[in-house]
Amino acid sequence: MNSNLRRWAPLFLGPTLVAFCIGFVYPFLHGVYLSFCRFITTGDATWVGFNNYIEALSDPSFVHSFWFTALFTAVSVIAVNALAFAVALALTGQVRGRNIFRTVFFSPNLIGGIVLGYIWQLIFNGILANFGTALVLEAKYGFWGLVILMCWQQVGYMMIIYIAGLQSVPKSLYEAARIDGASRWQLLRNVTVPMVMPSITVCTFLTLTGSFKLFDQNLALTGGAPGVVGEGGSMVYRTEMLALNIYNTFYGPGSARGVGQAKAVLFFILVAFIAFWQLRYTRKREVQL
Amino acid sequence: MKRKTIWLVLCILLITLFSGCSRKNDTGKVYYLNFKPEQDAAWQQLAQKYTEETGVEVEVLTAAEGQYEQTLTGEMDKSDAPTLFQVNGPVGLANWKDYCLDLSGSKVLGELTDDSFALREDDKVYGIAYAVETYGIIYNKTLLDKYFDSDFSTVKRVEDINNFDSFSSVVREIQSHKEELGVQGAFTSAGMDASSDWRFKNHLANLPIYYEYTERDITSADKIEGRFLDGYKNIWDLYINNSTVEPTALSSKTATDAATEFKTGKAVFYQNGTWEYGNIKEQNGVGLKDEELGILPIYIGAPGEEEQGLCTGSENYWCVNARASQADQQATLDFLYWVVSDEDGTEALAEDMGFVAPFKMALEAENPLVKIAAEYVSDGKTPVSWAFTTIPSDNWKNALGTALTQYAAGKGSWDDVERAFVEGWESEYAAAHK
Amino acid sequence: MSKKGFGLTVLFSLISVVYVWPIAVVLINSFKDKTAISDAPFALPNGESFAGLRNYIVGMTFGNYPFYKSVLYSLIITVLSVALILLCTSMCAWFLARVEAWWSRALYLLFVFSMIVPFQMVMYTLSKTADTLELNTPWTIPIIYLGFGAGLAVFMFTGFVKGMPRELEEAASIDGCGVLRTYFGVVVPILRPTMISVGILETMWIWNDYLLPYLVLDMGEYRTIPIHIQYLNGSYGQSDIGAIMALILLSILPIVIFYFAAQKHIIEGVMAGAVKG
């Protein structure tokens, strides 16, 4: 079978591999190369070494967007997962019409980030107008706006994963624990959570990388506004997340394109590191039956 | 054997897939990346007409609002790059200079009525302005006359409004007697929504910049001192405290809101320009008749402003892609010449797009605001040039816009506005000239 | 049903209302005059602010680009890309799982690695590559989607195939089935549930994707729905928020229909996908 199959490599591997090279490998390598260049269009790139990286790291807007993204990610990962887990727990219990709720809670996932952003922009501005202010005026509105949007969109999806996890916990485990006199809290802490650890791994992974890479929602909801001149005189978009910052650096003034690409490489390293670290950390806590 | 055949077939398939679609074009074609979304339809029509007449292919793509730079960057790197694109003055040119063909000696340059409409640097012509526009404070003549005729008015003729003091007393008197005049405010809402905030963070900001440039006798600056920021504050305070809505409500007001207020006679004054005529003129019984429209200079309390006229200038320059093939460049230059000299072209510029085009054959626009602007010039008033084209970056404008909105909403101080104006300028200028 | 169960049901009903409310706001505003929207976004249309179908009519023809075209292109791109991804990556994954060699293992890791790479990393070079190879039309962009989306799909399929017993395939092979017949006759039917999960995940991604098609497609001719909506948002003070509301609603409609038609599969697909992850 094995050797027989090898002969068919061109057909089985070929198309995906060719497309993978076009759509990923080559652009990736080319991107790494360009991060060391100064260029306006790819045709006129000149090698500048690590200059772009130095500029990227000394750019206050990049640093700000990193902290903003980190804070947003921390808050939204906790909020989304806590809510999703709670809802999943409740929905696997005694609730009438759980399928309807499941359907409703999941539905925002199907709407694209750009559209979601515009919907919530209208809603937040409608609410804030009563207080004589607007979403783009203060960074805290934009921040919490993004968190609410993220919860609204993601809770349903994560809930489904948690439900799947909860349903796979054998009933006998609960019964055994109950016979041992475990309280409801102990059941949750010592039986449910360890048993759904694989789901927790997946959900934290998805929300973590999803929040970190968020772009469409950020672009449509606030576009990074408000842009404020800080004490040092430099201009920072207060609700600009990393992906948007990179995009704006890239497609902004001509000389910064290489810097944008350098930021993208740093961004990639960061995402890779976080994803790797998170998977290792939560995987260790999974129990094998 | 079998394996080799499959590899071969696959390779051939791929090669044909990727190479089969490449095309050749010797006659040259035009690809115009247009900046102004509101003129998209008119350009498409004009392009079609040109193709019908000459057989030369003209493609027009309009970038989404606020996405011009992004779109240009993306498109310039493509194999079919735009042959004709736009820069918004010296700041935009800095990015794209290497891609701009020297237009010296071209036929379209020869059509310019005044050399000042060419964007020059190092003895080369990189861009050609194609639309001259004017802005100020548009007013509703009927309502203003009603004020002049009232017993509470201290100013009785429009000629007597010639500086900030006289203008502000008119505004305050209108605002405090708004019920008697049947309006909701002296000014339309100074909306700071993204569709409207350019009127203040960009166009209104021109005045303090212009006066500082004039006083310092310069045309651009790496640092701005903010010598006339008090004037900026004067006029901004006047706008936000004497409008149809509370200052706190301005943040989400849109350009459409302001235009509607003006059209329906809810406000007397409306800061905007000649391009706005199409939106405020009478249509289906709503809007203002031509003879009801007037336009005043924007006064900020600067010395000698009695002789000040309207703000006139251009921020849209055509550039021809220097990296395009020679045939495409020629086709583009021919197209431009046709646009500014042929009957169809000039008609489209003047009527469909409503431009005052600075070309010899340009038709006169059917726009009463343009006519008033011309009268100011013939009366010997000094036009205010568009110094805002030297603003270092969009970031600067956005930070200023935020500071203005926060100030209006009572959530920020004027110091923040000054900081955005002065410090922001310096850092953004430095960032753009690294 | 216990008292607690009843309380939860009521609570969830309330939350459901909150969940649907944003969409309701869009629906309401799509029937309102554009100037009435920013004044009172949550008010129902009244005699003065009711705009009838005006927003829909304006929205369909707005911006010099007919809306139906963007729906059509979104549909073409999504269907073609998902079909291509399912076919190619499942074959690729089966191959990688069944052929044991250092390079198949390395390739698999490369695919997994690509999953975490943010799009910004390749956005510029990818659009350049796509343009050079003329992959900038709805008919060819699926190749880009196959390339950039391969990671997740290969990962999920490989995970599933590794858990599949080899016996069936070996039996088919002994019966004289060729590789192709084994794959399409034996493997594909077993892979069906995974195909549905992968298909759903990829559909949700591609249908809603904004940046990739925005940077890659030849925009004068082809726009997807998200690009179209982004285009409508304001053009020098002419932002017609009423029309945008109408279009947002219209753009959600197909996905809602799809959702209710395939709801069971979608939720099961997500569940299955998660367990594999």
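Me: Which residues of chain C make up domain 1, and which make up domain 2?

Reply: Domain 1 of chain C takes in residues 3-62, and domain 2 takes in 67-232. These bounds come from an automatic or database domain assignment. Over C-alpha atoms, the centres of the two domains of chain C are 37 Å apart. Do keep in mind that this is a predicted model: local features need pLDDT of at least 70, side-chain atom pairs count only at pLDDT 80 or more, and totals for chains, interfaces and linings use all residues. Residues are numbered from 1 along each chain as its sequence is written, chains are lettered from A and ligands numbered from 1 in the order in which they are written, and side-chain values use heavy atoms, leaving out hydrogens and water.

Me: What makes up the secondary structure of chain C?

Reply: Chain C has 13 helices and zero strands. Helices are DSSP runs of H or I with at least four residues, strands are runs of E with at least two, and both are numbered from the N terminus. Read along the sequence, the pattern of chain C is α-α-α-α-α-α-α-α-α-α-α-α-α. The C-alpha atoms of chain C fill a box of roughly 75 × 65 × 30 Å along the principal axes.

Me: Why is Asp237(B) called buried?

Reply: Buried means under 20% relative accessible area, exposed means over 50%, and partly exposed is in between (1.4 Å probe, protein chains only). Asp237(B) has 18% relative accessibility, so it counts as buried. This residue sits in helix 11 (residues 229-241) of chain B. Beyond its neighbours within four places in sequence, Asp237(B) is in contact (heavy atoms within 4.5 Å) with Asn242(B) and Tyr407(B).

Me: Is Lys107(B) buried or exposed, and how do you know?

Reply: Lys107(B) is exposed, because its relative accessibility is 56%. Lys107(B) belongs to helix 5 (residues 107-110) of chain B. Its C-alpha atom is 8.9 Å from that of Leu336(B), 229 residues away along the chain.

Me: What makes helix 11 of chain C mostly covered?

Reply: In helix 11 (residues 225-232) of chain C, eight of its eight residues are buried. Among them are Ile225(C), His228(C), Tyr231(C) and Leu232(C). Of the 277 residues of chain C, 58% count as buried.

Me: How do you know that domain 1 and domain 2 of chain B touch, and which stretches do they cover?

Reply: In chain B, domain 1 is 28-132 + 314-360, while domain 2 is 135-310 + 380-432. Their contact takes five residues from domain 1 of chain B and six residues from domain 2 of chain B. Between their centres lie 31 Å, taken over C-alpha atoms. The area buried between the two domains of chain B is about 580 Å², with 55% from carbon and sulfur atoms. Buried area here is the accessible area (1.4 Å probe) that two parts lose on being put together, summed over both. Val91(B), Ser314(B) and Glu315(B) supply 60% of what domain 1 of chain B buries against domain 2 of chain B, more than any other three residues.

Me: What makes up the contact between chain C and chain A, and how much area do they bury?

Reply: The contact takes 93 residues from chain C and 88 residues from chain A. Together the two chains bury about 8,000 Å², 78% of it on carbon and sulfur atoms. On the chain C side, Tyr19(C), Met121(C) and Tyr124(C) lose the most area to chain A, together 11% of what that side buries.
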